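The following exercises concern one protein structure. Please work through each task before reading its solution.

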Amino acid sequence: MDSPLPQPVTTHLASHLLCPPRSSSDNCRIEADPRVAACFEANGLAVLVLNQPIPHSATIFEPLWRRAQHRFCIDGGANQLHALPHSSLLPPPTAIIGDLDSIIPSVQSHYEQMGTLIQHYSDQDTTDLMKALYYLDTVTGTRKSTVVVFGGLSGRLDHVLSTLKVLFREKDRDMIVVSEENLTMCLPEGKHRVLVSGMDGPACGLLPLEAEAVLTTRGLKWDLQEQPSSFAGLLSTSNVITAKDEIYVETTQPVVWTCQLTSSGKQ
């Protein structure tokens with residue numbers, strides 16, 4: 001019987017995607033992987049804004065919003081964009097998507113006049129974030145776009161859990177969620193390299209929220225070696241990033257990778 005082929009290692013650009021468009025530095029080595037530049041090519045990057053205050057608005061969000069090919073506000077996310085101090089200097093959203101029960105009418109009218117498409121979905125069986133991802137796939141004809149979501153992991157617990165559910169549901173999609181304190185993504189079953197910069201950590205965690213996972217890691221203070229982990233059992237929370245360039249994670253089930261995030265880099 002033939003031996004199984006070795007499983008490929010998936011590279012995740014993670015915080016390197018959030019670096020401002022500047023030359024490389026100790027805090028943000030944007031040259032670490034050539035796919036960083038590829039994410040800003042046609043159909044490469046979509047930035048989505050949920051209806052929560054936009055984290056790291058001046059240092060991370062605004063430069064990324066300008067570089068994105070697709071700029072979506074999810075319903076009341078348009079209110080959050082419009083409320084930014086420099087919103088008038090930013091490109092308008094490509095589209096505002098959702099059931100439109102939260103957007104302020106004057107904000108909707110403002111962006112309509114600027115050419116923003118208003119995409120209304122009345123379906124109440126899917127969240128507005130899911131509607132936005134569906135619309136993105138319809139526009140691009142692919143699921144390969146990199147997606148950065150701002151908001152969704154603070155405020156009401158049911159909203160937080162809903163965002164985590166979407167991350168797991170879309171586990172094969174290149175998607176990260178940025179909140180005020182964290183960068184969060186889902187790592188599917190398999191082997192992963194998570195590139196880190198001066199924006200990451202030190203605190204981090206790996207959370208198997210679907211089923212028990214067997215985890216092996218490198219680059220953490222408390223590395224795991226074929227360690228069973230589950231929500232009801234051992235969880236690798238309050239771990240610490242020690243690697244300078246990348247974290248290695250091997251998992252038998254999808255897990256959440258989350259780490260502290262600072263927009264200014266470690267001092």
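Helices (H or I, at least four residues) and strands (E, at least two) are DSSP runs, numbered from the N terminus. This is a predicted model, in which local features need pLDDT of at least 70 and side-chain atom pairs count only at pLDDT 80 or more, while totals for chains, interfaces and linings use all residues. Residues are numbered from 1 along each chain as its sequence is written, and side-chain values use heavy atoms, with hydrogens and water left out.

**Exercise 1.** State the secondary structure and the buried share of the protein.

Solution. The protein has 6 helices and 15 strands. Of its 267 residues, 52% are buried (under 20% relative accessible area, 1.4 Å probe, protein chains only).

**Exercise 2.** Describe the open sheet of 5 strands and identify its edges.

Solution. Step one: the strand order is 1-9-14-11-12, with mixed pairing; two strands pair if DSSP finds at least two bridges between them. Step two: strand 1 (9-12) and strand 12 (227-229) each have a single partner strand, so one side of each lacks a neighbour in the sheet. Step three: neighbouring strands are turned by 30° against each other on average, direction ignored (axes are lines fitted to C-alpha atoms).

**Exercise 3.** Characterise the pairing of strand 11 with strand 12.

Solution. Strand 11 (residues 213-218) runs antiparallel to strand 12, with 3 bridges. L215 has Q227 of strand 12 as its bridge partner.

Conventions:
Buried means under 20% relative accessible area, exposed over 50%, partly exposed in between (1.4 Å probe, protein chains only). Axes are lines fitted to C-alpha atoms, for helices over the stretch in contact, and angles run from 0 to 180 degrees between N-to-C directions.
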